[in-house]
Amino acid sequence: MPSMHELPVTQSILEIALKHAEKADAKRITDLHIVMGELSKLVDESIQFYWDMIAKDTIAEGANLHFRIVPAEFQCMACFEKYKPDSKEFSCPNCGAVGVKIVAGEEFSLEAIDVE
Amino acid sequence: MTQRIPVVERILSANDELAEENKSRLNAANVFAVNLMASPGAGKTSLIEQTLPRLAEKLRVAVVDGDIATSIDADRAAAAGAIVAVQVNTGGECHLDAVMLHQALGQIELATVDMLLVENVGNLVCPAEFRLGTHKSVLIASIPEGDDKPYKYPGMYRGVDALVINKIDLLPYINFKMDYFQRGVEALNPGLVTFPLSCSTGEGLDAWVHWILENVKRKA
């Protein structure tokens, strides 16, 4: 069962897509390209579930959703090592320090749409 | 003919814009606003109940309560001394968003208020994604939830300005490795101001209340 928070998220995706399609005088939206950071924790299956409901009767009905998942990447602020955090341990594998800059993994945006 | 249109827009940009509007409105009325987030049962309402009487002499506090369906929390806040307690039923949604806070602000005479406490819906995933326009975001963790929460919900620990660790009176009974917990927090949010406290015994509450008063003073 999808959790509820993807509903407003999916509505937001639809609104942004429709706005850009209208600007381009498009007749139909065929594909949406979504970028999602691993740390954003939004589940793509749920977005797909809501998408099929809310895109109905719009020019985006039946459009395919493509998700590009960006893996999390941390950079240690003590030794500047870049590393992929383990799901159970965030400290630096090189020097053991904590305190990181999150280099990647927090993205959540609509990158592009394909229209006809 | 298919054509690709680059968009590159943050998916929650509409929410973010409205959050900024909420913030301007709060600033115009000189109201300091705090968004309280936590999982269900961590003690959001208990913390509000303990905080309000300690502020009563100094500040006029309004409370906005997000709840999926009931008004139990708003009733408790009113009983504890909130000058106004607005219940926002989210209709099944698991977080407050900027639109909901916007509507709630319409029900509060902001000129008669010094501080706004927003009690978000109990949840560790979504509230972090939806900015409200408050000045500070506070996460309430609690000992019985376990020490692995920063690792499981990094987004939540990442975006907050202060962390309350509630129910520290239960530490002797629960296997909660404080250094493992704090190492996770420190990685995600270095130097995060932290208040270990207990809403049952009152331990640690003074430091938390002091932090609120300092922030209100700084804002005025």
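**Figure 1. Chain B in the predicted model.** Of the 220 residues of chain B, 47% are classed as buried. The model is predicted, not experimental. Chain B contains eight helices and eight strands. A compact globule with 220 residues would have a radius of gyration near 17 Å, and the 18 Å of chain B agrees with this. The C-alpha trace of chain B extends about 65 × 40 × 35 Å along its principal axes. Of the contacts in chain B with a separation of 6 or more, 76% are between residues 24 or more positions apart.

**Figure 2. The parallel sheet of chain B.** Seven strands of chain B form an open sheet with parallel pairing, in the order β4-β3-β5-β2-β6-β7-β8. At the edges stand β4 (84-89) and β8 (193-196) of chain B; each has a single partner strand, so one side of each is left without a neighbour in the sheet. From one strand to the next the twist averages 20°. Within this sheet, β2 (residues 32-38) and β6 (residues 136-142) of chain B pair in the parallel sense over five bridges. Met37(B) has Leu139(B), in β6(B), as its bridge partner.

**Figure 3. Helices α2 and α3 of chain B against the strands.** Helix α2 (residues 44-55) of chain B lies across β2, β3 (61-67), β5 (115-119), β6 and β7 (162-166) of chain B. Its direction is at about 165° to that of β5(B). Helix α3 (residues 72-79) of chain B lies across β3, β4 and β5 of chain B. The angle between α3(B) and β3(B) is about 165°.

**Figure 4. The buried face of helix α4 of chain B.** In helix α4 (residues 98-105) of chain B, the buried residues are Ala98(B), Met100(B), Leu101(B), Ala104(B) and Leu105(B). Viewed down the axis of α4(B), these residues fall within an arc of 160°, so they line one face of the helix. An α-helix has 3.6 residues a turn, so residues three or four places apart point the same way. The packing partners of the buried residues of α4(B) are α1 (13-28), β3, β4 and β5 of chain B.

**Figure 5. Chain A and its overall dimensions.** Chain A has two helices and six strands, which follow the pattern α-β-α-β-β-β-β-β along the sequence. The radius of gyration of chain A is 18 Å, whereas a compact globule of 116 residues would have one near 13 Å. The C-alpha trace of chain A spans about 55 × 35 × 15 Å along its principal axes. Of the 116 residues in chain A, 33% are buried. Among the contacts in chain A that link residues at least 6 apart in sequence, 73% join residues at least 24 apart.

**Figure 6. Antiparallel strands in chain A.** Three strands of chain A, in the order β4-β3-β5, make up an open sheet with antiparallel pairing. The edges are held by β4 (82-83) and β5 (100-104) of chain A, each with a single partner strand, so one side of each is left without a neighbour in the sheet. Strand β3 (residues 73-76) of chain A pairs with β4(A) in the antiparallel sense over two bridges. Tyr83(A) in β4(A) is the bridge partner of Phe74(A). Elsewhere in chain A, seven bridges join strand β1 (residues 29-37) to β6(A), and these two strands run antiparallel. Phe108(A), in β6(A), is the bridge partner of Met36(A).

**Figure 7. The contact between chain A and chain B.** Across the interface, 31 residues of chain A are in contact with 29 residues of chain B. On the chain A side, the elements that give two or more residues are α1 (6-23) and β6 (108-115). The most is given by β6(A), with eight residues. The side of chain A that touches chain B has 15 nonpolar, 10 polar and six charged residues.

Figure 8. Strand β6(A) is joined by six bridges to strand β1 (residues 3-10) of chain B, and the two run antiparallel. Val115(A) stands opposite Gln3(B) in β1(B). Ala112(A) has Pro6(B), also in β1(B), as its bridge partner. Strands of a sheet pair through backbone hydrogen bonds, either parallel or antiparallel.

Methods
Residues numbered from 1 in each chain as written. Chains lettered and ligands numbered in written order. Predicted model: local features only at pLDDT ≥ 70, side-chain atom pairs only at ≥ 80, totals over all residues. Contact = placed C-beta atoms within 7 Å. Helix = DSSP H or I, 4+ residues; strand = E, 2+ residues; numbered from the N terminus. Nonpolar A, V, L, I, M, F, W, Y, C, P; charged D, E, K, R; others polar. Pairing = 2+ DSSP bridges. Axes fitted to C-alpha atoms, helices over the stretch in contact; angles between N-to-C directions. Rg over C-alpha atoms; globule rule 2.2 N^0.38 Å. Buried ≥ 20, exposed ≤ 12 C-beta atoms within 10 Å, placed from the backbone. Arc of directions from axis to C-beta.
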